[in-house]
Amino acid sequence: MRIYSTLVAVFCLCSIFAQTDIEKTKETVSKSNIEGHIYFLADDLLKGRATGTPELKIAASYLANAFRRYGVKPNPKTGTYYQEVKLKSVSPPSEVNIQINDTKITDYALINPAQIAVEGDAIFLKYGLSQDYSGKSVSGKVIVVKAGGPDTKDARAAFGLRSEKQKIAKEHGVAAIIELLDTDANMWGFIDHNFNEARLMVAEDEEDNKGKDNSMVHIWVLDTAGTMAKELETSTTLKAKVSLNEEQEEAVLSQNVIGIVEGTDPKLKEEYIIYSAHYDHVGIGTPDETGDTIYNGARDNAIGTTTVLSMAENLAKYPTKRSALFILFTGEEKGLLGSEYYVENPVLPLNQMVYCFNSDNGGYNDTSLATIIGLTRTTAEKNITTAATTFGLKAIEDPAKEQGLFDRSDNVNFAKKGIPAPTFSLGFSSFDGDVTKYYHRPGDEADTLDYDYLFKFFSAYVLAGRQIGNDPTTPTWVAGDKYEAASKALYEKAPEVPMKN
């Protein structure tokens, strides 16, 4: 009887603690606060929050002052809520001449431009992968290839293979790559916007840049229905001309927005949970059918930004045992630039960061779900699934692995360092429907959102964060994860990690 009574007492005590976290979550998360943040961040006045623009600086100021209002402490290195991120803007060549046989190419995207002037015989080389070079003499020549690879041929696959194709081409002495891409008008408009306008990258010190050679010219050409590829595959003659002049560089300063809440436990407060999201979007671009040119980014990523603000408001009032580091990143849409800069210039030691709870979104097509990219890859899975259930949602793992979403958000830069880092996303059961309808489109506006669903979504994120922050056991990667070795190196010794069933 005594053992039974003890077990009942322990069970009741655990229930009280759990209920306390739920009540603390409910006390600070409100639908009106959520609406207020999202409507401001996605307002036309911010012109789509493009990195490096004055409008993004307005957004940064808004976020910093939200931290200040909540009582979150500033960046310990600067005493402000900012981390200056040094970028450079590289303008594309002003003179471009591309020809295949007698056809002058007008629909192109400069994936990797550099000064070049080459003309003469060219070679059609299937996909431009290692096996396609066998028996071919390509040194000094332009190669023309099909997009992607034998199994995946869309724009995302082509983008994912770009570095590999450039590396192989460089090893074989190729002068330039022309890649033929069959895609729709919407995707091509997005590609044109991203690659034929000034692009941003993290500025490197001259010393860091010594010995680097990024000169392999790589160009995508729009090939609707694959017409050109079909013709060139059987052509006996192929000539090409590629002429580009120099790019121009300009320094750009942007900001990560950073805040801290110290934990309550004398020991566990030395461990930090990172709560992160990117607050930039893609700015102004190709008009939609209504003529709208502002890509407001309500889903991507005013929602993710607001999840972090909701977490900050909650933890400033009710800290967890572990400390919290809030980071809102610039430049995600330009290549994960803010997080790339941060992991190389952290404001606190990375080995004190035991978890990164990122939030990023394309959209949603199932309001019964919260989709967590990397849910099953860390030992905090139970914390997240129970939090979602508490607020009437089902937490699921990424259902669209073919999209490579884990590697397309800021979490991956922390994962590469060894820090367990999933991404908490709006509910989708497949990457289509209302996800692709709004993803990187001008119609992604605040008044198109379901705020009753968002209230559940935000509450689940905050409760999950509280549970991870209070859990006596430090979260880790599950055994065998691809980032487990990096984690061991970061934290110096291998933690006890349960095997995943």
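Start with strands β5 and β10. β10 covers residues 217-222. These two strands pair antiparallel, over four bridges. Pick Leu110 and look across: its bridge partner in β10 is Ile219. One reminder before we go on: this is a predicted model.

Now zoom out to the whole sheet. How many strands form this open sheet? Eight, and the order is β4-β3-β11-β6-β7-β8-β10-β5. The pairing is mixed. At the edges sit β4 (103-104) and β5 (108-112), and each of them pairs on one side only.

Next stop, strand β18, residues 369-373. Is it mostly covered or mostly open? Covered: five of its five residues are buried. In a regular strand, side chains alternate between the two faces of the sheet. Check both sides here. Leu369, Thr371 and Ile373 are buried on one side, and Ala370 and Ile372 are buried on the other.

β18 has two partners to look at. With β19, residues 394-397, it runs parallel, joined by four bridges. Leu369 stands opposite Lys394 there. To get from β18 to β19, the chain passes through helix α11, residues 381-390. That β-α-β crossover is right-handed. With β20, residues 423-426, β18 runs antiparallel, again over four bridges. Ile372 has Phe424 as its bridge partner in β20.

On to the nonpolar cores. The largest one has 63 residues. Which residues have the most contacts inside it? Ile38, Tyr275, Phe326 and Leu454. Helix α14, residues 451-470, gives the largest share of this core, with 11 residues. There is also a second, separate core of 31 residues, and it includes Ile258, Leu325, Ile419 and Leu490.

Take Ile38 as an example. Leaving out residues up to four places away in sequence, Ile38 touches a list that includes Ala298, Ile303, Ala446, Leu454 and Phe458.

Now the rings. The structure holds 23 aromatic pairs. One of them joins Phe67 and Phe326. The pair is tilted, with 5.9 Å centre to centre and 40° between the planes. Where do these two sit in the chain? Phe67 is in helix α3, residues 54-70, and Phe326 is in strand β16, residues 323-329. That puts them 259 residues apart, so the pair links distant parts of the chain. Phe67 is buried, at 0% relative accessible area. Phe326 is buried too, also at 0%. Ring pairs also build a cluster, and among its members are Phe67, Tyr275, Phe326, Phe424 and Tyr461.

The charged end of Arg162 sits over the ring of Phe159, 3.6 Å from its centre. Arg377 lies over the face of Phe406, at 4.2 Å from the ring centre.

Last stop, Thr51. It lies in the loop between α2 (31-41) and α3. Buried or exposed? Thr51 counts as buried because its relative accessibility is 8%, and the cut-off for buried is under 20%. Beyond its sequence neighbours, Thr51 touches residues including Leu56, Leu200, Ser254, His281 and Lys334.

That is the tour. Questions are welcome.

Technical notes. Residues are numbered from 1 along each chain as its sequence is written. This is a predicted model: local features need pLDDT of at least 70, side-chain atom pairs count only at pLDDT 80 or more; totals for chains, interfaces and linings use all residues. Side-chain values use heavy atoms; hydrogens and water are left out. A nonpolar core is a set of buried Ala, Val, Leu, Ile, Met, Phe, Trp, Tyr and Cys residues joined through side-chain atoms within 4.5 Å. Buried means under 20% relative accessible area, exposed over 50%, partly exposed in between (1.4 Å probe, protein chains only). Contact means heavy atoms within 4.5 Å. Rings of Phe, Tyr and Trp (its six-membered ring) pair if their centres lie within 6.5 Å; planes under 30 degrees apart count as stacked, over 60 as edge-to-face and the rest as tilted. A charge sits over a ring if NZ of Lys or CZ of Arg is within 6 Å of the ring centre and within 35 degrees of the ring normal. Two strands pair if DSSP finds at least two bridges between them. A crossover is right-handed if, with the strands pointing away from the viewer, the path from the first strand over the helix to the second runs clockwise.
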